[in-house]
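Please walk through the structure shown below with attention to its charged side chains and its aromatic rings. The paragraphs that follow take these in turn.

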Amino acid sequence: MEFTVRACSGHGRVGSLRLASGLEFETPSLLMITRRGLPVVIPPEMLMDLHPDSRACQFTPMHFLEDPLAAVVAKAGGVHKLASLTGFAMVAVARDSLGNEIAGEEASNLGASFETSSGRRIVGLEKYMEVVNACKPDLWVSLPDEVPHWVPEKRNRESVDHTSQWLDHCLSLQHAEHGNRCLGVVVGAGSLEERARSAEQAATRNVAGFSLAGFGLGEDVAQRGFHLEVAIAKLPNDKLRHVCGLGSPEEVLQAVGAGIDLLDSTYPYMLTKECLAMTFPLKMEVPLRNADRDMQPTPDHGVASGFSLAKVNLRSATYGIDETPLVTGCKCYTCKRHTKVYINQLLNSNETLAQTLLEIHNTYHYLEFFKAIRESIKADKFHEFRTWFTSQRVFGMTYDVSESFVA
Amino acid sequence: MLGISPSMALRFEVLARHNRARASRLTLPHYEALTPLFMPVGTQGTIKGLTNDQLEDLDCQIILGNTYHLALRPGADLLDTIGGLHKFMNWPRALLTDSGGFQMVSLLHLADITEEGVTFQSPVDGKPMLLTPEDSIQIQNKIGADIIMALDDVVKTTTTGPRVEEAMYRTLRWIDRCIAAHSRPHEQNLFGIVQGGLDPQLRDICLEGLVARNLPGYAIGGLAGGEGKDAFWRVVAQCTAGLPEDKPRYVMGIGFPLDIVVCTALGADMYDCVYPTRTARFGSALVSEGVLRLTHAAMATDYRPLDSSCTCMVCKRYTRAYLHTLVTKEAMGSQLVSYHNISHMMQLSRNLHSSILEGRFPDIHGGS
């Protein structure tokens, strides 16, 4: 595996990652979500052609802990073969981004509590590495003792100690022939000192990169920024950095701005579940939409307001049958073939095809977002891009496909 | 312009026969189909979760839309404005719509049949409504499918007594109203539906009446509702014997592979059923040996594909064991099994067509 930084803009960087399998792609990169190895709703045979960058997925080893799936993946020879996703990067991330809550429960020296396919249970090191080795991922995150920012100091310190010990233990249990594929976890929760300590410890280990944990748990946005900065300052520049738990566009921009290279995000899927299509513009040259000229964007205008403005836009549009695609000019499978009115009717009839078509579009659009981020870094304009994006986002981030717009 | 008479918009050429079975080419306005043919059913014209590309990959040639659901949502007028269901769905191949009557009777509260039409309570506001033969055809004209079905008076095969006769005669009276109401005979083919329950005399009268109307094609209706197999096949045999050789014959509601093989042997050409996709949602896969219950514990250690003779995407990529872990837990599980089941039915259709064409179609033993 090889990771090379190619361009920088502030702390953000574009890198090229070449995996042991030969697959090569640019970072910052989005890891698409899978469940038990397969996309949630996108037909697996469509994944390869979905977008030029649709090559990297995350999966959760916690779904593969028990038989029969544990035996099945071992027998198949790994998750790539199991899910027939050879040619894709499969990254094992312990945290189930689609559902679990990290409660900061007590953890022993032997393992921490995770949401698995059989409910919440303690997952120990031996079992975790057994599953990781059976899955044969391209990259894997070491077993984290991840806690939220509000736990007591003592618990936080303990989580840093556990995480560091478990990193060593995981490394000792990895299969030698797989080479260096570990992303060492960095925790630290509410304490910048602990965050720095965790990063320092991980930085000395022989890993392929790092996975920053403890985010996306309700922490203050500014605090998160400090934690990212403090952690990354202690990490070597030439190794990969992944963060889990951050997935919205603003979070992605914050993470990339701090120097993150890989993110697994449920943002496209969360929109799909709410019948929303991703519509935000991707190019800085596109002028702000003038739907509501008097509206002044405020710094932390919630995404919810963005939704309601999108609805306002719809209602003020000419009533009629909208035979345009979700996003005009979008080259995804859905937009090349189908219209808003059609998808709207599928949704209102509870047809699962609606989810499939929406998810295809939302994933494509998000991959285009990541591409735009990389382009801005290469042009050394990341800061401008981030500022532009954050200021325009109040005007129609999404389109509510379930809203009926036929008079 | 297709067809040999002004009321037709199709061409039907029998390419080969084997006893009563036929392998044919059915040329419709939107597509040239090969029969015997299974037609998957989608309410909105879409088959559960499958994209148009997947449907084409699976060799689906004609798919069904339910007029009742389409009239409710998105509505016939919207479809008309857009230019029809083909355009709405962006489906380049053929479509068939049912009359809407059957669904109303089976789904709706207080649905009833009178000489005027089907009366029912509106599912939207509970008001009394009426679907006449004229309404059904007008709605189907707006939807724009290649084949449209006449509104018939259908009774369950288990019904006995004068109701069966009443329904048969009404079906004949209604076909004339359907023909009169049909405003697009050069673009859409109106199929009549043979009724008459299990009574051979009633079936004969209906057959004669419909054949005299010189329709582009015919369906055999009122079956697959609880009658015994012998009775079912006997009625199919009688109907195919009484229908013209040079027109397609569609047995409605048939989806068990064995039934399709038998009906083909008896001279039928087209079939539809929700069974393949419905059974997929319960974790059952259609395979050469029968039905595979993927939820069964034995599947957990079975590393074979669903069907070793199937070449579909699912059978090429995934094992029974993996699918077993998916079916009750992930939506993707039943999506993959649906995909395979449709593939199975289309492979069956291709096998029937080619085996008849090549003189390999097996004789059916016993029966009538």
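A:K283 counts as exposed because its relative accessibility is 52%, where exposed means over 50% relative accessible area, buried under 20% and partly exposed in between, with a 1.4 Å probe and protein chains only. The model is a predicted one, in which local features need pLDDT of at least 70 and side-chain atom pairs count only at pLDDT 80 or more, while totals for chains, interfaces and linings use all residues; side-chain values use heavy atoms, with hydrogens and water left out. Residues are numbered from 1 along each chain as its sequence is written, and chains are lettered from A and ligands numbered from 1 in the order in which they are written.

A:K283 sits in the loop between β15 (276–278) and α9 (303–316) of chain A, helices (H or I, at least four residues) and strands (E, at least two) being DSSP runs numbered from the N terminus.

Turning to the rings, a search of the whole structure finds 15 aromatic pairs over all chains; rings of Phe, Tyr and Trp (its six-membered ring) pair if their centres lie within 6.5 Å, and planes under 30 degrees apart count as stacked, over 60 as edge-to-face and the rest as tilted. One of these is the stacked pair of A:Y366 and A:F369, at 5.4 Å centre to centre and 15° between the planes. Both residues lie in helix α12 (residues 352–378) of chain A, 3 residues apart, about one turn of the helix, and both A:Y366 and A:F369 are buried. Ring pairs also link them into a cluster with A:Y267, A:F280, A:F370, A:F385, A:W388 and A:F389.

In chain B, B:R170 forms a salt bridge with B:E115, the closest N and O atoms being 2.7 Å apart. This pair links distant parts of the chain, with B:R170 in helix α7 (residues 162–181) and B:E115 in the loop between β7 (112–113) and β8 (118–121), 55 residues apart. B:R170 counts as buried because its relative accessibility is 7%, whereas B:E115, at 32%, counts as partly exposed. Both belong to a network of salt bridges that also includes B:D153, B:R163, B:E166 and B:R173.

Terms used. A salt bridge is a side-chain nitrogen of Lys or Arg within 4 Å of a carboxyl oxygen of Asp or Glu.
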